[in-house]
Amino acid sequence: MTEFFLFLSQINPGELWGIVWLSLWVSGAGLLLATALALPLAALLALKRFPGRDAVVNILHTFMGLPPVVLGLLLYLLLSRAGPLGVLGLLYTPTAMILAQTILALPIVAALAHSAIVNVDPVVRQAAVTLGATARQQAFTVIREARYGIVSGIMAGFGRANAELGAVLIVGGNIAGYTRVMTTSIALETDKGNFELGIVLGLILLALSLLVNLALRRLQKRGQSAGAELSSWA
Amino acid sequence: MGLRIEVTKVAKAYNGNPVLRDCSYNFAPGLTYALQGPNGSGKSTLLRFLALLEAPDTGSVDYLENSTVLPINLELRRRFTLVLPRPGIFNTTVFNNVAYGLKIRGVKSGEIEARVDTILETVGLSHKRSQRALDLSSGETKRLGLARAMVLAPEILFLDEPTANIDPLNTDIIEEIILKMKAGGQTTILLITHDPAQAERLGDRLLLMKEGKLVPG
Ligand SMILES: Nc1ncnc2c1ncn2[C@@H]1O[C@H](COP(=O)(O)OP(=O)(O)OP(=O)(O)O)[C@@H](O)[C@H]1O
Ligand SMILES: [Mg+2]
């Protein structure tokens, strides 16, 4: 199947897998960073009361819909040689792209994890209290109860990172062999009238998205089935 | 010997409507109290105060041992437990639900296994051990809530309507369990019920919530 497509478009396989690998690395690293920041933030917003909390939640929800090109532009201005962070020399590097992905995925993961945690039935926390849980144990129990919703949030974050074009194009620059990822290649090749490579990459993108979603769903299912988490419940 | 609860002039109003008014009572260790009263009379509210889930507007709930008032801390909280009318089952296995209180107390896993299995036997849920707890029927859910509390061997057990919406057979099973605990003589039990016959069967002392006060039933 792959050979057929490669033949069809006479793509250099090395280049193709380079693009695929970089795409995975950029969205994967971005998502990982975003998740690492989003989960503590979501837990804090859901479980602690502090002034300005609602404002932060509103900002998160607003940024869920942040147009990637706008973020790209902002990052470009920040990272360009003349910009405040220009000295770091990050523009047109994979690092800049990872940064963009992190910022794009963070509000989605955080907002969805937050609503998963606040939607846990309050009686769960009360039960934890009556059974002798400390404040920390109560929080842990409530978060654990929200785990399926949290995983869904991470899935949605991956969906966004994977499909993202505008921001990575602007801050990555679509440099062949260095910052060229699947979405930017598709945009470029389509622009050149070279549809075959675009279609192949599009299919790979789709397949990847399917694979990751299947893997995560499996994880969810396993969590739901009896016995699987005997040892994981602390 | 044993924990004594002193309720002194407890009052609570919700949105200006008084629910409890100058409610005072002393609960002696080792007895089973059956509390009755109309819907909305404040029974569950009082139980939440006793279990230190919430604090009243005025008045106090004190725990005494050898005539000394105990400080309210985790150690004290872990000596009693409350089973809520909707027990708040965790989305995990039956076993893990019962093991929860032991795990958070840092009990060793071998001991947890043994204690949980004994209790599951007692409440007739051994065959559901590895099943997802949220899939249980409501009668089984009630028994699981009870098991989760009993496994901790609490000195005081607060039960808010342990047999509400339960069929006669399951009601019998739950009453059996309560009677067994009662026979052990180690546990003070305070249960809320709407069934006068059940109050008679289980209670050493019958109480009534009347106009925001506890009165002998
Ligand atoms: N969190 C709350 N906010 C507002 N009102 C409340 C709250 N909790 C209880 N109430 C009110 O306090 C009154 C007593 O409630 P409570 O649950 O203690 O009654 P109860 O005696 O347990 O009744 P039932 O037999 O129906 O369980 C009710 O009128 C109820 O509406
Ligand atoms: Mg009630």
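**Interface, ligand shell and salt bridges in a predicted model**

B:R129 and B:E113 form a salt bridge, with 3.1 Å between the closest N and O atoms. A salt bridge here is a side-chain nitrogen of Lys or Arg within 4 Å of a carboxyl oxygen of Asp or Glu. The pair links distant parts of the chain, 16 residues apart. B:R129 lies in the loop between α4 (109-122) and α5 (138-150) of chain B, and B:E113 in helix α4 of chain B. Helices are DSSP runs (H or I, at least four residues), numbered from the N terminus. Over all chains the count comes to 14 salt bridges.

The model is predicted: local features need pLDDT of at least 70, side-chain atom pairs count only at pLDDT 80 or more, and totals for chains, interfaces and linings use all residues. Residues are numbered from 1 along each chain as its sequence is written, chains are lettered from A and ligands numbered from 1 in the order in which they are written, and side-chain values use heavy atoms, with hydrogens and water left out.

Chain A meets chain B through 24 residues, which are in contact (heavy atoms within 4.5 Å) with 29 residues of chain B. The buried area is about 2300 Å². This is the accessible area (1.4 Å probe) lost by two parts on being put together, summed over both. Carbon and sulfur atoms give 59% of it. One salt bridge is counted between the two chains. B:R86 pairs with A:D121, the closest N and O atoms being 2.7 Å apart. On the side of chain A that touches chain B, α6 (122-130), α7 (135-145) and α8 (147-163) each supply at least two residues. The largest share, seven residues, comes from α6(A). By class, this side divides into 12 nonpolar, eight polar and four charged residues.

Ligand 1 is surrounded by 13 residues (a heavy atom within 4 Å). The closest are B:N39, B:G40, B:K43, B:S44 and B:T45. Helix α1 (residues 43-50) of chain B gives the largest share of this shell, four residues. The shell comprises three nonpolar, seven polar and three charged residues. Oxygen atoms of ligand 1 lie 2.9 Å from a backbone N or O atom of B:G42, 2.7 Å from a polar side-chain atom of B:K43 and 2.5 Å from a side-chain N or O atom of B:T45. Taken alone, ligand 1 exposes 640 Å², and the protein buries 60% of that. Accessible areas come from the Shrake-Rupley method with a 1.4 Å probe.

Polar contacts are pairs of N or O atoms within 3.5 Å; within protein, one must be able to donate a hydrogen and the other to accept it, and residues adjacent in sequence count only if both atoms are side-chain atoms. Ala, Val, Leu, Ile, Met, Phe, Trp, Tyr, Cys and Pro count as nonpolar, Asp, Glu, Lys and Arg as charged, and the others, Gly among them, as polar.
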